[in-house]
Amino acid sequence: MSGLLWQKPGVAVDAQIQAFLAGDDVLLDREFFLHDIRASTAHAEGLQHIGILNADELTALQRELAQLAEDFKSGAFVLDAQYEDGHSAIEARLTERLGDAGKKIHSGRSRNDQILVATRLWLKEKLLRVAELSRDIAKVALDRASAEAMLPIPGYTHIQRAVVSSAGMWWAGWAEAFIDNSIRATDTLRWVDCNPLGTAAGYGVNLPLDREHTTAALGFARMQISPIYAQLSRGKFELAALEALGSATLDLRRIAWDLSLFTSAEFGFVALPAQYTTGSSIMPNKRNPDVIELMRATHASVAAARTEIEQLLSLPSGYHRDLQSSKGAIFHGFGRGLAALELLPALLANLEWRNDNMRAAMDAGMYATDVAVEAAIAGVPFREAYKAAAATSADAGQGRTPEDSLAARTSPGAAADLRLDALRARWEALV
C-alpha cells in the first residue's frame with residue numbers, strides 16, 4: 001500500500017498499526033463497492049455542475065467508473081490488501097487511468113462520506129428485500145390457512161396440551177406476523193431513505209455542492225440536510241434496519257421452534273421435505289432437521305449485530321473511527337438473517353401435516369374449555385363453570401370431535417371466523 005492521502009511528510013506508516021486501522025475494510029468493502037462506485041458517479045456529475053470538472057473529465061470519469069463496476073463484477077478487478085479500502089481503490093484506479101481528472105474525484109468528500117452513502121444505499125436494498133420476503137412468507141401462510149382452515153391440530157400453552165386448534169389458526173398467525181414485518185421493513189426503509197452524500201466528515205465543505213442532483217440521481221426520497229445529523233444517524237439508522245430485520249427473524253425463530261417440536265418423534269405432527277434434513281454422522285437410524293435448527297439460531301446473529309452497533313453509539317457528536325465497526329455488524333446481521341428468510345417460503349409451502357398423529361394427540365381434557373364456555377353461555381358464572389369443567393375434564397371429550405370444537409370457536413380471528421379476507425386485504429395493500 002502506498003500514497004495514502006492522509007500520510008504526513010516524514011512520518012512513516014507502521015505496518016502493524018495500519019493493519020489494525022484498516023481492520024477488515026477491504027473485505028467488507030467488497031460488499032459495498034458497487035454502491036460506492038454508483039455514488040462516486042453521482043458525485044462526479046455534481047462536481048461538473050459546479051465547475052470542478054469539465055465536460056470531458058466527467059465523461060471520462062463516468063466511463064471509467066462504469067468499467068470498474070463491470071471489472072469488479074466479472075472478477076477482472078479484485079479489491080484486495082494492496083488497497084487501504086474500497087474508496088482508495090476507486091481513486092487509485094481512476095488516477096491510474098485518467099491522471100489528474102482521477103485525482104479530482106475526491107474533491108468535497110471524505111472517506112466517511114463515501115462509506116456513509118454506500119452503506120445507506122445498501123441498507124435500502126436490504127430492507128426492501130426483508131419487506132419482499134416477508135410478503136412472500138405471508139402469502140404462503142395465507143394460502144395454506146385458506147386451504148387448511150379447519151384441519152384440527154393440538155393447541156399448546158406452556159408446551160402442554162391445552163385446546164383443540166387448527167392449521168388455519170396456526171397459518172393465520174404467521175400470515176399476520178409477516179404482514180406486519182413487511183410493513184415495518186417498508187416503514188424503516190422510508191425513514192432511512194435520505195441522502196448523506198455531500199456532508200463530508202460532518203461539517204460540510206467550502207463548495208456549493210449540488211446535493212439536490214445527487215439525491216435524485218441516487219434515487220433517495222429526500223436529502224439529509226444537516227451534516228451533523230448525517231453523522232448522528234450513522235449507527236442509528238443501521239440499528240433501526242437491524243430491528244426491522246429482527247422482527248422477521250424473531251418470528252422465524254418461533255416458527256423453527258414449532259417445527260423442531262412438531263417434527264420430533266414425540267410429536268410427529270409434521271414431515272419436512274427430505275432436502276431440509278441431513279443424516280447423522282454417527283447414528284444411521286435418524287435424519288436431523290438441521291435447516292430449521294440453523295434457522296432457529298439465526299436471530300442470535302441479528303441480535304448480536306444490533307448489540308454491537310448499540311454499544312458503538314456511546315459517543316459524542318461528530319465522526320469517530322469507532323463507527324467503522326458498524327460495517328461488519330450490518331454485513332453479518334443481514335447476511336445471516338436474509339439467507340435464512342430466503343429459505344422459509346419454500347419450506348412452509350412444502351411441509352406436510354401428519355393428520356393421524358395430530359388426531360391421536362387430541363385428549364379429552366382439550367375439550368374442557370369448551371365445556372366451561374358452554375356452561376357460561378347457559379348462564380352459569382364462569383368461575384363455577386370452570387371448576388365444574390376441571391372436575392370432569394377426563395370426560396370432557398365424550399360425544400365431541402375436533403371439528404365440532406373448531407366450528408364453535410366463533411370469536412373474531414378464531415377457527416370459525418379466521419377473517420382471512422381482512423388479512424388478505426392487508427397483504428394486497430403491501431408495497
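Contact here means heavy atoms within 4.5 Å. By that criterion, and not counting residues up to four places away in sequence, Ser134 touches Phe178, Asn181, Ser182 and Ala248. The structure is a predicted model, in which local features need pLDDT of at least 70 and side-chain atom pairs count only at pLDDT 80 or more, whereas totals for chains, interfaces and linings use all residues. Residues are numbered from 1 along each chain as its sequence is written, and side-chain values use heavy atoms, with hydrogens and water left out.

Ser134 is found in helix α6, residues 111-147, where helices are DSSP runs of H or I with at least four residues and strands are runs of E with at least two, numbered from the N terminus. Ser134 is buried, because its relative accessible area is 1%; buried means under 20%, exposed over 50% and partly exposed in between, with a 1.4 Å probe and protein chains only.

Glu64 belongs to helix α3, residues 55-74, and is likewise classed as buried, at a relative accessible area of 9%. Leaving aside neighbours within four places in sequence, Glu64 is in contact with Leu94, Arg97 and Leu98.

A search of the whole structure finds 27 salt bridges, each defined as a side-chain nitrogen of Lys or Arg within 4 Å of a carboxyl oxygen of Asp or Glu. Three of them are tabulated here.

| Pair | Closest N to O distance |
|---|---|
| Lys104 and Glu57 | 3.0 Å |
| Glu132 and Arg129 | 3.2 Å |

Asp143 is partly exposed, with a relative accessible area of 33%. Salt bridges that share partners also join Arg184, Glu243, Arg306 and Glu310 into one network. Within helix α6, Glu132 and Arg129 are three residues apart, about one turn of the helix; Glu132 is partly exposed at 35% relative accessible area, and Arg129 is partly exposed at 26%.

Strands β1 (residues 152-157) and β2 (residues 160-166) pair in the antiparallel sense over six bridges, pairing being assigned if DSSP finds at least two bridges between two strands. Ile153 stands opposite Ser165 in β2, and in this hairpin, which has two residues between the strands, His158 takes a positive phi near 55 degrees.
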